[in-house]
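Hi,

Here is the structure I said I would pass on. Have a look at it first, and then read on.

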Amino acid sequence: MLEVDGIHSYYGKAHILNDLSFEVRRGEVVALLGRNGAGKSTTMKSVMQLVRPRTGAIHFQGENLVGQPAFRVAKAGIGYVPEDRRIFTDLTVMENLETGRQPSRQDTPTWTEEQLFAIFPNLAERRTNRGKHLSGGEQQMLTIARTLMGNPSLLLLDEPSEGIAPVIVEQMAETIMKLKAEGLTVMISEQNLHFARAVADRAIIIEGGEKKFDGSFSELEAHPEIRDAYLSV
Amino acid sequence: MAFFFAQFLTGLANAAALFLVASGLSLIFGVTRIVNFAHGSFYMLGAFIGVTLMEILPGHVGFWGSILLTGLAVGLIGALVEMVVLRPIYRAPELFQLVATFGVILVIQDLALMVWGAEDRLGPRAPGLRGIWRIFGEPVLKYDIVLIAITPVILFALWYLISRTRLGVLVRAATQDREMVGALGVNQAWLFTGVFALGSALAGLGGALQLPKGGADLLMDFNIIGAVFVVVVIGGMGSLPGAFIASVIISVLNVFGVTYLPQSTLVLMFVVMAVVLIIRPYGLLGREEVAGEHGQVGAPETPIRPYPPAGQIAVAAFLGLLALLPLFADQFVLILMIDMVVFALFAASLHFILGSGGMVSFGHAAFFGGGAYAAALLVFHFDTPMELAFLFAPLAAGILALAIGWFCIRLTGVYFAMLTLAFSQLVWSLAYQWRDVTRGDDGLVNIWPAEWLSGTVPYYYFTLILGVGGIIFLRHVIHAPFGYALRAGRDSPRQAEATGIDVKRVQFGAFALAGAMAGLAGGIFVFSKGSVFPTELEIAASFDALIVVFLGGVKTLAGGVVGAGFMTLVEDWLTRLEYWRLLLGLVIIAVVIIAPEGIVGSFRTLWARIRHKEDAA
């Protein structure tokens with residue numbers, strides 16, 4: 001579904017991603033693991049073309065994304081949930097959802113506000129509240145719901161468990177399982193190995209912008225030295 | 001009492017056009033973060049296009065149809081400007097965008113001159129609304145009543161569009177975080193174009209709606225922009241109801257001012273603004289701008305270094321050449337050189353706060369003209385000796401800068417720019433309207449230097465020593481600890497404060513110093529010309545300096561000086577052509593898009609590239 005092939009991404013002169021290649025297959029949940037500064041967020045931004053890789057190719061359902069504006073990547077069916085949430089603080093919950101609205105797509109479930117409120121019941125009670133009056137967990141749910149309004153077929157979740165209460169983290173894991181059950185393909189970036197193992201089918205580990213491991217969680221468990229070397233436990 | 005009420009109604013009617021233009025400016029700023037200086041030009045275009053259409057289309061339908069068609073036409077022109085000029089430079093620093101919109105002003109001025117000629121057009125009366133109605137016995141124009149009725153409708157329509165439609169939701173979202181809106185699948189490029197077109201259309205509508213009360217002329221663009229900025233600043237940037245309230249306040253005040261204080265109509269507006277800003281620094285309904293809120297990240301500034309020995313020798317050789325110039329150059333060249341040095345010092349003083357301080361001032365002419373006027377007033381009214389009067393130029397400009405700076409320094413970015421512009425307009429309106437003292441637009445004449453400086457050659461040396469001395473002094477300050485503190489405050493105010501720098505105080509000092517230096521340039525200027533007019537205080541004068549700094553290159557120390565030399569020469573040559581504004585405007589726009597680093601910056605980059613290639617080879 002998504003093939004990333006040898007991309008190099010930079011922030012100014014800083015070389016962040018170094019010849020990174022991986023694949024995401026339809027229907028799976030992939031966890032992108034690595035320490036702070038390993039390049040997880042940059043990987044997601046590179047797929048979205050918010051950071052333009054200087055070399056390499058990214059194909060999504062056969063279409064090359066490199067060089068396209070971000071809105072075309074979104075329209076192609078990739079939903080992006082940024083790490084820092086970036087909800088529109090002056091807009092109400094309903095209005096935030098409206099910004100994400102896109103036409104429905106054939107190959108993927110279509111979402112309405114009511115369906116999303118069923119998944120995120122906390123938001124339903126806060127429809128007319130402004131984004132800035134929501135708690136951290138509610139903001140996290142809103143940013144996911146907003147992206148789902150675009151009916152994506154691939155969802156990129158950047159560190160969904162970061163900075164929210166443990167109870168909410170559990171809810172988040174359940175939500176991701178629900179989305180998978182609906183037929184969505186998901187890629188999450190995580191530092192929390194425990195959370196990743198609970199929701200993902202496969203792990204990709206990066207460090208210094210290079211891929212260090214790509215395989216199942218049982219394989220990863222068979223090589224504790226990889227975990228110790230690249231993940232903070 | 002009835003008279004008061006009638007006056008109030010006239011003020012309300014006058015608010016209509018002002019509100020339309022201001023709301024358009026506010027809307028465009030809210031989403032694109034661009035302060036569109038060409039907004040007054042769209043207003044002017046609206047008036048001219050409206051007049052032309054009304055001449056063609058007859059009757060009720062023709063009149064109102066013309067107004068709507070004008071809005072449409074100006075909206076399309078706005079969309080075109082956005083796509084051609086602004087789209088390539090959304091990521092550029094604020095100053096570049098401003099300079100580009102100033103280029104648009106020049107282009108539109110000359111295009112309007114080409115199409116409609118230099119003569120003023122009187123607006124046609126609205127059919128069926130020619131006379132007056134009596135309200136409590138007082139006459140009120142029928143058309144005024146219609147305008148009063150229309151304005152709230154437009155306010156409501158805009159409010160509905162922004163707060164109740166999907167387009168409005170997207171616009172508000174883009175105001176906060178454009179990139180995220182794009183990542184959600186919205187083509188922001190078209191969203192921006194749409195907003196810009198809508199804002200322009202509002203300005204065009206304003207221009208057409210005011211026709212029966214006024215007309216169309218080529219000065220409308222600059223004449224309204226001062227008032228519009230005042231309205232937007234008082235109301236709060238990006239707030240539509242704020243723009244409405246402020247338009248009403250300013251217009252009503254203006255009507256009463258004309259009746260009771262006819263000498264102070266222009267000043268009144270700025271006094272109100274100053275009062276509002278003391279109480280609410282971000283306007284009545286505006287909200288505080290948090291630095292970095294919109295995620296504008298630029299490339300880090302390269303550190304500036306003193307010139308290497310080769311550069312120092314080159315500068316010394318150039319100065320030597322200037323010193324020897326009277327030996328072989330004729331009088332015309334010397335006068336041109338005096339102009340150039342004066343302009344270079346003026347530009348260098350602006351560059352000092354802009355480049356090193358990061359404070360984009362739109363009203364720097366207040367200090368240049370203020371210094372010139374201070375000296376000229378002393379000579380004119382008290383026969384003060386030239387030497388003493390001359391000293392007062394930088395002194396008075398410095399004190400003026402302290403006063404204006406006290407208000408402005410508290411603000412940053414666009415608010416700072418708008419406020420400096422408004423204050424310079426205040427100084428201008430004083431010079432223009434306080435005829436007893438300043439003789440208004442007749443100017444102050446016969447302001448000649450002392451006997452020993454009366455020849456061109458002595459005055460040339462006088463200019464050279466003070467002008468070049470001033471520029472070298474400013475350069476020196478940039479390399480002194482004060483300059484380091486100033487630059488630290490520009491690059492990271494919070495971090496600078498955490499290391500113990502009182503950023504605001506450093507900026508205040510720099511602002512005053514820059515004002516004094518601009519005043520020094522103004523002092524040299526007034527005695528070289530023998531006269532001073534309010535034009536030296538106009539917005540256009542402030543913009544000349546901005547353009548010069550920009551052309552030379554903001555990030556280079558020599559930028560202001562090189563830009564001033566370039567501009568003086570080019571203007572000397574260009575102004576002989578009939579449509580020089582058009583050409584200059586196009587050059588400015590081209591430079592913004594093609595060589596945004598300015599002359600010095602571009603050469604430096606080119607040089608670095610050549611050297612890099614040699615290293616690689």
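Predicted model: local features only at pLDDT ≥ 70, side-chain atom pairs only at ≥ 80, totals over all residues.

**Chain A as a whole**

Chain A has ten helices and ten strands. Its radius of gyration is 17 Å, close to the 17 Å that the globule rule gives for 233 residues, so chain A is as compact as a globular protein of that length. Of the 233 residues in chain A, 46% are buried. As for the contacts in chain A between residues at least 6 apart in sequence, 69% of them join residues at least 24 apart.

**The six-stranded sheet**

Next, look for the open sheet in chain A, where six strands line up in the order E6-E7-E8-E3-E9-E10 with mixed pairing. Strand E6 (78–81) and strand E10 (210–215) of chain A are the edge strands, each pairing on one side only. From one strand to the next, the twist averages 15°.

Which way do E3 and E8 of chain A run relative to each other, parallel or antiparallel? They run parallel, with five bridges joining strand E3 (residues 29–33) to strand E8 (residues 185–190) of chain A. To find one of these bridges on screen, go to A:Leu33, whose partner in E8(A) is A:Glu190.

There is a helix on this sheet too: helix H6 (residues 136–148) of chain A packs on it and touches both E6 and strand E7 (154–158) of chain A. The direction of H6(A) makes about 165° with that of E6(A).

Strand E1 (residues 2–11) of chain A pairs with strand E4 (residues 55–60) of chain A in the antiparallel sense, over five bridges. Here A:His8 stands opposite A:Thr55 in E4(A).

E4(A) also pairs with strand E5 (residues 63–64) of chain A, again in the antiparallel sense, this time over two bridges. A:Phe60 has A:Glu63 in E5(A) as its bridge partner. E4(A) and E5(A) form a hairpin with two residues between the strands, and in that hairpin A:Gln61 takes a positive phi near 50°.

**Chain B and its two domains**

Chain B is divided into domain 1 (2–219) and domain 2 (331–612). The centres of the two domains of chain B, taken over C-alpha atoms, are 32 Å apart. Between them, 18 residues of domain 1 are in contact with 20 residues of domain 2 of chain B.

Which element gives the largest share of the domain 1 side of that contact in chain B? Helix H4 (residues 94–116) of chain B does, with 13 residues. By class, the domain 1 side has 14 nonpolar, two polar and two charged residues.

**Where the chains meet**

Finally, 18 residues of chain B are in contact with 21 residues of chain A. On the chain B side, the elements that give two or more residues are helix H6 (166–176) and helix H7 (178–183) of chain B. H6(B) provides the largest share, six residues. The chain B side divides into nine nonpolar, five polar and four charged residues.

Happy browsing!

How values were computed: Residues numbered from 1 in each chain as written. Chains lettered and ligands numbered in written order. Contact = placed C-beta atoms within 7 Å. Helix = DSSP H or I, 4+ residues; strand = E, 2+ residues; numbered from the N terminus. Nonpolar A, V, L, I, M, F, W, Y, C, P; charged D, E, K, R; others polar. Domains from an automatic or database assignment. Rg over C-alpha atoms; globule rule 2.2 N^0.38 Å. Buried ≥ 20, exposed ≤ 12 C-beta atoms within 10 Å, placed from the backbone. Pairing = 2+ DSSP bridges. Axes fitted to C-alpha atoms, helices over the stretch in contact; angles between N-to-C directions.
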